[in-house]
Each structure stands twice: as structure tokens, then as C-alpha cells.
Amino acid sequence: MSLSFEGRVALVTGSGGGLGREYALAFAERGASVVVNDLGADTKGGGKSSAAADKVVEEIRAKGGKAVANYDSVEDGEKVIQSALDAFGRIDIVVNNAGILRDRSFARTSDLDWDLIHRVHLRGSFSVTRAAWNHMKNQAFGRIIMTTSAAGIYGNFGQANYSAAKLGLLGLANTLAIEGLRYNIRCNTIAPVAGSRLTETVMTPELVASLKPEYIAPMVLWLCHEQCQENGALFEAGAGWIGKLRWERSQGSIVRQKNQPMTPEAVRDQWDKICDFTDATKPKSVQESLLSIVSVLSGLDSGGGVGATPTAAAALASGVNPAEAVGQKLPPSTFTFTPAQCILYALGVGMSTKDPDHLRFLYEGHEDFSCLPTFGVIPSQAAMMDGGLSSIPGLNIDFTQVLHGEQYLELYKPLPTSGTLTSEATVADVLDKGSGAVILLDVKTFSGDQLICFNQFSVFVVGAGGFGGRRTSDNAKAAVPPPKRAPDVVAIDSTTRDQAALYRLSGDWNPLHIDPSFAAMGGFKAPILHGLCSFGFAARHVLKHFAANDPSRFKAIKVRFVKPVMPGQSLQTEMWKEGNRIHLQCKVSTDGHKRANGHFSALLCVQGMSCMRLIGSSLVQVKETDAVVLAGAYVDLHGASEASLGNLTQHGALQSELVFAEIGRRIKDSGSELVRKVNAVFAWEITKDSRSAAEWTMDLKNGSGSLHRGPAGGKADVTITVSDEDFMEVVQGRLNPQKAFFSGKLKVRGNIMLSQKLEVILKDHAKL
Ligand code: NAI
């Protein structure tokens, strides 16, 4: 697929000519709204003219693109960014490209030569980027390019001022890449080589003509695209070639001995070894760099109180010391609950009285009243919620950088529906994943002295890695990828706009899930759904489709949280049965947005077939590109029998169910209008294998309309009887309703004329 910038706003500084102009044209051609900034200065920074920027804007507009000009110097970053906000309301991409040259041999470099170069290149890029930064943070998207030069990377005679400023940009980019990481801001640096007025003086005219700026622009566009996750990297490019650069460090040599003074002679004697790049390493972070240095202390100064083991030395550098942390216990926590908490939790993970099967989890008077198995995470999380981890020695880390990475839950018996449970949490391991640390927290939950369940929380702490620890652990409950075949069952369910607001009442009060400004600080557009809420949705999909909603069949669940879900999005759970293990994966589909726009779209879930979406009158395959939010997940069941899969179509999962669910939502959205237009009560009788399988009552006469599963109780103006299969044929437009009526496939009792009004209910989308 081609890379589009539709909806994005890009600023290219110094784009009145040279490379910048080429970038601006390329962004505009692919749909971006472009701010063409150029002071219109001469190559040495003198003079000022609006002509350069205006000309490029005209060029873009002549081709049908969107652009505005800005004539401020990049030193006035706020003004430059303001013009993007004024014209287009946002800023997504900043390409710091503006530049001048004031070449002089070092001895002749004046203060002005030095300062002007630094003001335009280094200070200008800082000023523009800082003005854009908070906007990018708040929208959780930003792409920034810094432009360095080979002169900075390698040095170049007569360019001391320029080299210094240009390599300063690389340092700036390195840190922005780290600070912007969690806000989805990516910052990279490029060192282009192209013919332009800046290179006219150092290149032959032939070279200037051949090294075209258009050979650089595609790299800039890729680095600025939302698909590109490259961050903190440096690239050289020219003539259509692109290469990546990185730091290399020799093995080096320790030039002092324990309890001896360090001497210049010892340094001289080791110089060859210090400079030998055999087996060089490539450190990528301050932590990695510091680690090896601090480790030297442990070798030389053991017993000196600095750190006797490499792990301790590493801990000094990173704040994480597994040797100290592993095995530590958090203070025990107690959790007292009544049926109200079980019901609240069930509602929080999307259970509804609309599904009669859910009643056993929602009504304390039900003869099989039960607690959902995944409620088992609730008592155990109390210890974590109190910030217990931050008091553990050896975990001296920034707990604002914590992500819930994975979750494992195992039940030893069905959960009670009330009582007092105690939980004991232990740090099972601390792993070093390079970019972060993973803390495995094992929590055992007891009722009295009886072990009820076991949880393992995997907590990822961004930026806390590099302490020299192990990457994997025997104690970890691993995620398992699903089989490679198409899923056996796909279930689709909508979360509501208030799902997180409801779920949090079960005990996770993190404002990230309710407070928009807090969510923005975390780099999210809006408050996100709790990972454990999606986890609850997925688990009950398995329970429904493979264990007939019997909680005693539930043994364990493992999930890996990949991406956040926004409240209101639809969750699509794909399930594969492999013996007693049901593998699963959850995706978010964009169905919610379609409905919000007034589309009628029915989601059909058919066992053994892939998932189809009905939009308008045609059936479209749901795109496989929907984002995976829960991965490597599975549910283990006790004695799951063949019953589940085989009986699915016979006893459960009527295909018509999902269409009715969709109609129900439509009535909710615009019921009053439908009541006005239709003014009738419809009863549906859906048959399966010639037997009545479901009844639905569509009341479009009273109040603001309603749909419920069950008989109409004599209220119906018209009753329609049709088989599940024929209902689907009609809805999909494959069976003409009149023909169905005359062939006896669709029976209508009562006021037949009213059946014409079904078209109003289903609009043109379903050809009823
Ligand atoms: P150019 O001179 O054609 O473009 C630079 C543009 O920046 C000019 O249009 C100029 O008016 C504008 N500008 C200067 N000061 C400004 C300020 N204070 N505010 C706003 N705009 C200002 O040069 P070229 O070659 O296209 O260079 C673009 C960037 O690439 C520069 O940063 C340069 O240092 C860098 N670069 C270029 C190389 C090449 O081979 N062309 C090599 C290495 C780096």
C-alpha cells in the first residue's frame, strides 16, 4: 500500500528552495497539509524575502495540494508552529532543514560566524521542535527530523562552527527520541548529500545537477510516516543510496590495578589495545555504556563497598538489582466482597441481561449464581494498587513508566460469590529486556488456608533495562502463539463508551482510564480501557463458546497485552480449539465508528467460516489488518469435551443472533423515529432444523421502541416465522422476501401489510 499523509500537517523549515522544497512538494503530493517556512535569506543568513516560500506554496497549490507560507526565522519557533495551528489546527511532522553556511578556517571564525550558525541550525531546530512538542505529546503522535551533515559526523576543513552545530543536532535528537518514545513521537537525524546552492561552491556543476534533492525526499517521508517506528537513528543518504550509522566501542583495556594509582604510562602502554576494534561492541544507551564501566569496579574494588558482583554493579547503573528484589514479599492484602462485587465485575466486562445465559452471573437469586472466573484478578491486584512494588528493595525505578505486559490466572476451585480473601504477592523474577525491565509478580489468593487462585502479573518498566540481568525466566508463564489455521470461532462484542468507567469500580482506580488530561499525559488520545477488562471479555467469549458458560470448567488464562483498546470499540475474539486449550487472540475492529456514522452493519459470526461484515447490501470480508490487542493468549479448560465445537451450530450461535443484536443497537440509537414511522409490534420466530430456536419481539409502537429476546405475549401485530438460514439469506440479499413468502420459506401471520414496514426498520441495507 502506498504511504499516504492525508490528514497530517507537516512543517518543513527552510523549504523555499533546495532540499526543503523537495520535501514540501513530496509531502503535499501525498496528501499532507504543508507549512512552507523560509526566511528567504542568502546562504550566509543575510537578507529576507517572502518570495521563496510563496513560490513553493504556489507550486503545491497549482498541483491541487494544501500549503501555507511562513516567513519567520526558525529562531522564532513559536511563531512558525502557530502558523501551522492557525492554518490547519495541528502539527504532526517537523522537518528541521533550514540552514546557512559561514565557512571559515577555525582561526578566522568570528563570534558572529559561530553564533549565527548555532542560532539557525541548533537553536532554530530546538525552538521550532519545542513549540511543536506538547501538541505532539497531547495527540500521541509526532515525527521529527533533524538535519546534520557529514561535516559534523566526520569534521571538515573550514566548517568548525557548522560541524559543531550540526553534530549538536544529533545529540538533541538522541535525547528527544528517548523523551518522546512513550508519546509515539519519533525523532531521527539525516545527513543528506545533494546538489543545492549550499553545495554549489564545493561541488562541480555536474555533481550538483546529478545529486538531486528528490533522491533524499523519499527517506524523509518514510521516517515521518506513522508506520515507521525508527527512532533515535542516524542516516546518511545521497544519489538514491541510504545507510545507517551507529557507534562502535572497542573492547578497551583496564589500565589500573587494585589499590594502585593509575598512571599515564599505563595508559600509553595499553594504547594499542584501547584502540583495537576487534570484537567491538555497539552500545545503544547510557545504561549500556555505564554498565560496563561500573562493572569494572566490581572486578577491581570488590570488598570496597561499591559492589561485589556484576549484578550489583549493574544495579548501581540502572537502579534494578534482581539479587535483592527476587523473593521479596509485598505486605499481604485482604479483600472482602459480596455478590454485588461479582455482578459489578460481570457488568464491567460486558455481560448483559440481553443474553439470557448471562443471568447466572448477574442475578444473585439465580439458581446457578456464579462469579466469573476472571474475577480472580480483582482480589490479587489490591496489593499492587497500593503501590507496594515501589517499597521493594532492588527496584529503584520510575513507577510512572509502568505498563501491564502480561497476565496469567489459574483457579484451583470456582471462586466464591462472597467472603474475605487474602493475597500474598512475591517478586518471582526481574528480567532485563534491554529497553525495559519486566517484573514478574506471583500472587497467591487464599480463602482461610485454602488456596483459591494464582496470578502472575508481568509488569514492564520502560527504560529500566540494561542492568545485566537474564532475559527469560523459568518462573514465567509464557504466552503461546495460536495455530496457523483460520480460527474455529470468532466472537464479536461491543464495549460501550462507559466500559472503563464501569470496570474501574471493580478496583482499578488508575485515572488513566477515566481522566482525559491524565490519559493525555500518558500519550493517549482519550482514557483507555483496562487491559484486564478486555481480558475479561475474551475469557467470557471462550467460556460461552467452549464451556457452555460453566465456570467450573475454567482452569487458567494467559494473555499478552499488545495495544490499548478505546472504550466503545468492538472486540473481536478469534478462538482455536486444541484439546482442552483454547488459543485466542483479540482484535479491535472499527465497527463502532461505522455505526456512529449511521451505517447499518451486521457482524456475522459463523463457526467454521471467517467473519463477515454486512455493509449496505453487500457482504464484505472484515479486513485481517484489524489491530491485535491481546496476543499469545489461551484459556485452559477442565475436560472440555467435543461437545463445545460440534454442538455450537446446533444449540448455540444462531447466525441471526448477531443481526438482531445490531437491530437492537439501531433501535437504541433511533428508536423514537422508528416508532413514529412504523407504529407496530413485530414478533419473530426463528427456527433451526424445523424446530423453534429463538423468538424475538420488536416493539416499535410503545415508548421509544425496544427489542427483546422472547415471545411478544399477544402484543404482536404481525408474526414472522423463518429459519435461521433463510433469515440470513434474506438479510444478505440472496433471497427475495416476496419469493420466500410465496415459497413458504417465510411465513407471516397477522397484519401482512405491516411487513412492508420492515423495510423502514432495516432500510435498504438488508433487503427485507
Ligand atoms: P538551501 O540553502 O537550498 O536551503 C536552506 C534554506 O533554509 C534556504 O531556502 C534558506 O532561505 C532557509 N533558511 C536559512 N535560514 C533560515 C532561517 N533562519 N529561518 C528559516 N529559513 C531559513 O540548502 P540545502 O542544501 O537544501 O540544505 C538544507 C539542509 O540540509 C541544511 O540544513 C543543510 O545544512 C543540510 N545539508 C545539506 C547538504 C547538501 O549536500 N545539500 C549536506 C549536508 C547537510
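"How far is a nitrogen atom of the ligand from a polar backbone atom of Leu39? In this structure, which is a predicted model, that distance comes out at 3.4 Å.

With Ser73 we're talking about the side chain, where a polar atom sits 3.0 Å from a ligand nitrogen.

Now the site itself. The ligand takes up the space of the second largest pocket. As for who supplies the shell, the elements giving two or more residues are helix 1 (18–29), helix 4 (111–139), helix 6 (160–180) and strand 6 (185–193). Altogether, 30 residues surround the ligand, and the closest are Leu19, Asp38, Asn97, Tyr162 and Ser196. If you sort that shell by class, you get 14 polar residues, twelve nonpolar and four charged.

Searching the whole structure turns up eleven aromatic pairs. Take Phe5 and Phe27: their ring centres are 5.2 Å apart and the planes are at 90 degrees, so that's an edge-to-face pair. This pair links distant parts of the chain, with the partners 22 residues apart. Phe5 is in the segment before strand 1 (9–12), while Phe27 belongs to helix 1. And helix 1, remember, is one of the elements giving two or more residues to the ligand shell."

Terms used: Residues are numbered from 1 along each chain as its sequence is written. This is a predicted model: local features need pLDDT of at least 70, side-chain atom pairs count only at pLDDT 80 or more; totals for chains, interfaces and linings use all residues. Side-chain values use heavy atoms; hydrogens and water are left out. A residue is near a molecule or strand if one of its heavy atoms lies within 4 Å of it. A polar contact is a pair of N or O atoms within 3.5 Å; within protein, one must be able to donate a hydrogen and the other to accept it, and residues adjacent in sequence count only if both atoms are side-chain atoms. On a 1 Å grid over the protein atoms alone, a cavity is a set of points where a 1.4 Å probe fits but cannot get out, and a pocket is an open set with protein on both sides within 12 Å along at least five of seven lines; lining residues have an atom within 4 Å of a point. A molecule sits in a cavity or pocket if more than half of its atoms lie within 2 Å of its grid points. Helices (H or I, at least four residues) and strands (E, at least two) are DSSP runs, numbered from the N terminus. Ala, Val, Leu, Ile, Met, Phe, Trp, Tyr, Cys and Pro count as nonpolar, Asp, Glu, Lys and Arg as charged, and the others, Gly among them, as polar. Rings of Phe, Tyr and Trp (its six-membered ring) pair if their centres lie within 6.5 Å; planes under 30 degrees apart count as stacked, over 60 as edge-to-face and the rest as tilted.
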